[in-house]
Amino acid sequence: MPTGPTGPTGPAGSAGSAGSAGSAGSVRPAGPTGERATVALSALLASDSPRVDGENDTHVRALAELDAPLPPILVHRESMRVVDGMHRMRAARLRGDTEIEVEFFDGSQEDAFALAVKLNVTHGLPLTQADRTAAATRILTARPYWSDRRIAATTGLAASTVAAIRRRSTDQNGQSNTARMGRDGRVRPLHAAEGRLRATQVIAAHPDASLREIAARAGIATATAKDVRDRIRAGQDPVPNRSRPATQQPEPTAVPVRRPAGRTPTRTSAAAIALMLPNLRKDPSLRTEAGRLLLQMLSLHAIGDEAKWRRLAQSVPAHRSDTLAQAARRCADHWLRLAHELEMRCP
């Protein structure tokens, strides 16, 4: 019969933070509930054990011979499957018991497995290296967005070992290459450039957003959000070259362009343009027919989202690709000439 809620004690209560959400985008607390009950041994299912070779019979006999009561076992409430305590359950059966005290666990089956691994790493009969390696492989398959350090903390392996297992794995999805969830539950981009680009999109969509809001939406540090916003306001690329993957380094200009002596062209990001255009529209000196036309054309052409460019390019029929490419290059030439003329007039 249920004994009523109590605070989590013993081994099960020490790993309440091991559970996590089933998706990278949100974190739902999962873990021991502190709720205990006495249940029939016949009502329990065997654990989805991280032990490759199953339980140790010698350890089961040693537990059965103890005079002191055994700590409650941890049970997945939904399935009534043992999460932690298979040796204790078998010892209870060996002693002839028909009931055992349990503490309930709420969460998914994969949450339960990850917690079982962590608990067996930190107490009781230790997991072998083979057990921990197999557990890390399974967690990587189920939670590819978990960081190497988070999986290492769960399995008792080194982060470098988890990284090597990840590289050997052939069953990874694309998510593992874009972001990772750390031990604190926060999702972080695998490459710094991705977080900065997300912040750029947030700033473009919400120019008045605070630094904390930008950081939260983009999944980056507040200091990084400030640097991105400062770069945008200065007309600089929000992603420094050192933060870009090698495959995304800007290519040198193929054709040199004559520029005013002592001046270096400034490359302005799409987010910076999105911030500047509203202010330019308020400038009385640009409220001419030519000024309004120029600002309207800039607004139409300011497509900074790389995905939008790809979608536009992919939507063009193959038999029209060459014609539209020539037209696009012609328009680009006109814009470059306009930029050159304006730069020549800069004081």
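Mentor: Start with the lining of the largest cavity: 5 nonpolar, 3 polar and 2 charged residues. (Nonpolar means Ala, Val, Leu, Ile, Met, Phe, Trp, Tyr, Cys and Pro; charged means Asp, Glu, Lys and Arg; the others, Gly among them, are polar.) This is a predicted model: local features need pLDDT of at least 70, side-chain atom pairs count only at pLDDT 80 or more, and totals for chains, interfaces and linings use all residues. Numbering runs from 1 along each chain as its sequence is written, and side-chain values use heavy atoms, leaving out hydrogens and water.

The structure holds 1 cavity of 30 Å³ or more. About 70 Å³ of space lies in the largest cavity. (On a 1 Å grid over the protein atoms alone, a 1.4 Å probe fits in a cavity but cannot get out; a pocket is an open set with protein on both sides within 12 Å along at least five of seven lines; lining residues have an atom within 4 Å of a point. Points join across faces, edges and corners, and volume is the space filled by probe spheres set on them.)

Which residues line the largest cavity? Ser 47, Asp 48, His 76, Arg 81, Val 82, Val 83, Gln 109, Ala 112, Phe 113 and Ala 116 do. Helix 3 gives the largest share, 4 residues. (Helices are DSSP runs of H or I with at least four residues, strands are E runs of at least two, and both are numbered from the N terminus.)

Met 80 sits in the loop between strand 2 (73-76) and strand 3. Met 80 is not a glycine, yet it has a positive phi of about 60°.

Strand 3 (81-84) also supplies at least two lining residues to the second largest pocket, as do helix 1 (57-64) and helix 2 (86-94). Helix 2 gives the most, with 3 residues. About 280 Å³ of space lies in this pocket. Its lining has 22 residues, and Asp 84, Gly 85, His 87, Arg 88 and His 123 lie nearest the centre. By class, the second largest pocket is lined by 10 nonpolar, 8 polar and 4 charged residues.

The axes of helix 1 and helix 2 come within 8 Å and cross at roughly 60°. (Axes are lines fitted to C-alpha atoms, for helices over the stretch in contact; angles run from 0 to 180 degrees between N-to-C directions.) Helix 1 is therefore oblique to helix 2. (Under 35 degrees is roughly parallel, over 145 roughly antiparallel, 65 to 115 roughly perpendicular, and the rest oblique.) From helix 1, Asp 57, His 59, Val 60, Arg 61, Leu 63 and Ala 64 make the contact with His 87, Arg 88, Arg 90, Ala 91 and Leu 94 of helix 2. (Contact means heavy atoms within 4.5 Å.) This contact of helix 1 with helix 2 has 5 nonpolar, 2 polar and 4 charged residues. His 87 and Arg 88 belong to this contact. They are also among the residues nearest the centre of the second largest pocket.
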